[in-house]
Amino acid sequence: MPFWAQILIGLALGVLLGWIARSQDLSWLVTTLEKVGGTFVGLLKLAVAPLVFFAILVSITNLRKVNNAARLASRTLLWFMITSLIAVAIGLAIGLVTNPGAGTGLSPADGEAPEKTGSWIDFLTGIVPTDVITPFTELNVLQIVFMAAVAGIAALQLGEKAQPILTLSESVLELLQKALWWVIRLAPIGTVGLIGNAIATYGWNLIGKYATFTVDIYVGCLIVLFGVYPALLATVAKVGPVQFFKGAWPAIQLAFVSRSSVGTMPLTQKVTERLGVPKEYASFAVPFGATTKMDGCAAIYPAIAAIFVAQIFDVPLGVGDYLLIAFVSVVGSAATAGLTGATVMLTLTLSTLGLPMEGVGLLLAIDPILDMIRTATNVAGQALIPVIVASREKILDREKYDAVHASPVDETPEPKDARPVPATV
C-alpha cells in the first residue's frame, strides 16, 4: 500500500477514534491515543540533537565538492528571505481583512503569560552555548546549529587533516538517518494517536471559538503552499509544479502529522534529491532550511497571531508595526529551530511590538491543530528552494525531475544506468 494511502487511513482512523473517545467519554482510549502519538513524536525527537549537529557539519563540508559553493549558499539564503517576505505579506493581508480577534468572546483575562519568552537579547546571546553538553540535553537547536557550523568551517580550514572526523561524521549521520527511516515508517500508526488525541482532547468546540483565526492560518498556508510555490516553480524555476508535489508529497504528509521539520528532515532531503537536486547541494540546503526556513511558523502564523492578540487586547497597530512583523519574520525565523510549535517565534514578535505576553496563552490551546499545516508549509518550502536555486544555476537534473514518482519512501536503489549530476554551475 502506498505510503500516502497509509497516512490517509491513519488520519481517518484517528478522527474516528478521537470522536468516539470524546463522545463516549472513554478515558482509557484517550490515554492510549496520547501514548501512541507521544511515543511517535518522542522517537522523532530522540535523534534531533545529534541529527542536526552532524547534518549541518556534513552539509557545510559537502559544499567543498560543489563549484561556486558560496554563490549557492547565498542564493539559497536570498530565496529563503524572499519567500518569507511573501508569506508574511499574505499573513498580514489575511489578518487585516478578516479581523481574527473580533467576535471571539475572548478577553485579556483569558490569556496567561508563558513561562519562557523570546526576546532579541535572548535570541542573540542564546546562540553561543556556555558548554557543549547543555544544548544537547536541553535540545537547544539554535546552539547546536552554531556549534555544528563552527565545526564544519574549522574542518574545511583543516583540509585533509580533518578527513577522519568527516568520515566518522558521515557514517554517524547515515546511521541516524537509517534509524529515523524506521521511525518514519511508523508514521501511519503515529498519525492515529496524534490526530485522535487532538480530537479527543480539544473537540470541535475549541475550534469554533477560534474559528476565524484557525481558518486564517489554514487559508494563508494553503495560499502559500498551492499558490505561491507553484507560481515560483513555473515562473522562476521553469519546471512543472505538479511534478514537485508528486515528489515532495510524502515529506509534506509526514510534516503535517509529526509537526517537526527536523524530524522530517531525512525524508525531505531524500525527496529533494529525487526531484533532481544534486546530493552535494541538497545535503546543505535541506538541513539549513530545516532549522531556518519557516514560512508557516515564522511568517504566516506570527503575522496573523499578532493582529489577533492586538485586537483582543485593543492595541492599535500601525504601518510601522506591520513592517516590524515582516522584519522579525525574516531575521528571527531561526528562533523556531524546526521544533514542534512556534511559541518562541510568537513571543519574539509580541515582545518586539510591545504586545502583552498573555496573548500567547490565548493561542496555546489551539496550537497543535494549527501546527500541522504550519509545519507542512515549512517543509514544502524547504524542498522548494533547493529546486529553484538548482534550476536557476543549471544543476537541476530535469530528466530526473520530470520522471519523479509519488512514493519515494521506499529505499529502492537508483537504476544502474543513472547518470551522476555534475556539481557545477
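**Close-up views of an all-residue predicted model**

View 1. Helices here are DSSP runs of H or I with at least four residues, strands are E runs of at least two, and both are numbered from the N terminus. This is a predicted model, where local features need pLDDT of at least 70, side-chain atom pairs count only at pLDDT 80 or more, and totals for chains, interfaces and linings use all residues. Residues are numbered from 1 along each chain as its sequence is written, and side-chain values use heavy atoms, with hydrogens and water left out. Of the protein's 425 residues, 55% are buried (under 20% relative accessible area; exposed is over 50%, partly exposed in between; 1.4 Å probe, protein chains only). Take the contacts (heavy atoms within 4.5 Å) between residues at least 6 apart in sequence: 85% of them join residues at least 24 apart. The accessible surface (Shrake-Rupley method, 1.4 Å probe) is about 17,900 Å², with 65% of that belonging to carbon and sulfur atoms.

**View 2. G10 in helix α1.** Helix α1 covers residues 3-23 and holds G10. G10 counts as buried because its relative accessibility is 4%. Skip the neighbours within four places in sequence, and G10 is in contact with P188, T191 and V192. I189 sits 179 residues from G10 in sequence, yet their C-alpha atoms are 6.4 Å apart.

**View 3. The largest cavity and its lining.** A search of the whole structure turns up one cavity of 30 Å³ or more, and the largest has a volume of about 30 Å³. A cavity is a set of points, on a 1 Å grid over the protein atoms alone, where a 1.4 Å probe fits but cannot get out; lining residues have an atom within 4 Å of a point. Grid points are joined across faces, edges and corners, and the volume is the space filled by probe spheres set on the points. R75, W79, V389, R392 and E393 make up the lining. By type, the lining has two nonpolar, no polar and three charged residues.

View 4. Residues 217-237 are 100% helix and 0% strand, with end C-alpha atoms 27 Å apart. For residues 298-317, the span is 75% helix and 0% strand, and the end C-alpha atoms lie 19 Å apart.

Notes:
1 Å grid on protein atoms, 1.4 Å probe; cavity = no way out; pocket = protein on both sides within 12 Å on 5 of 7 lines; lining within 4 Å. Nonpolar A, V, L, I, M, F, W, Y, C, P; charged D, E, K, R; others polar.
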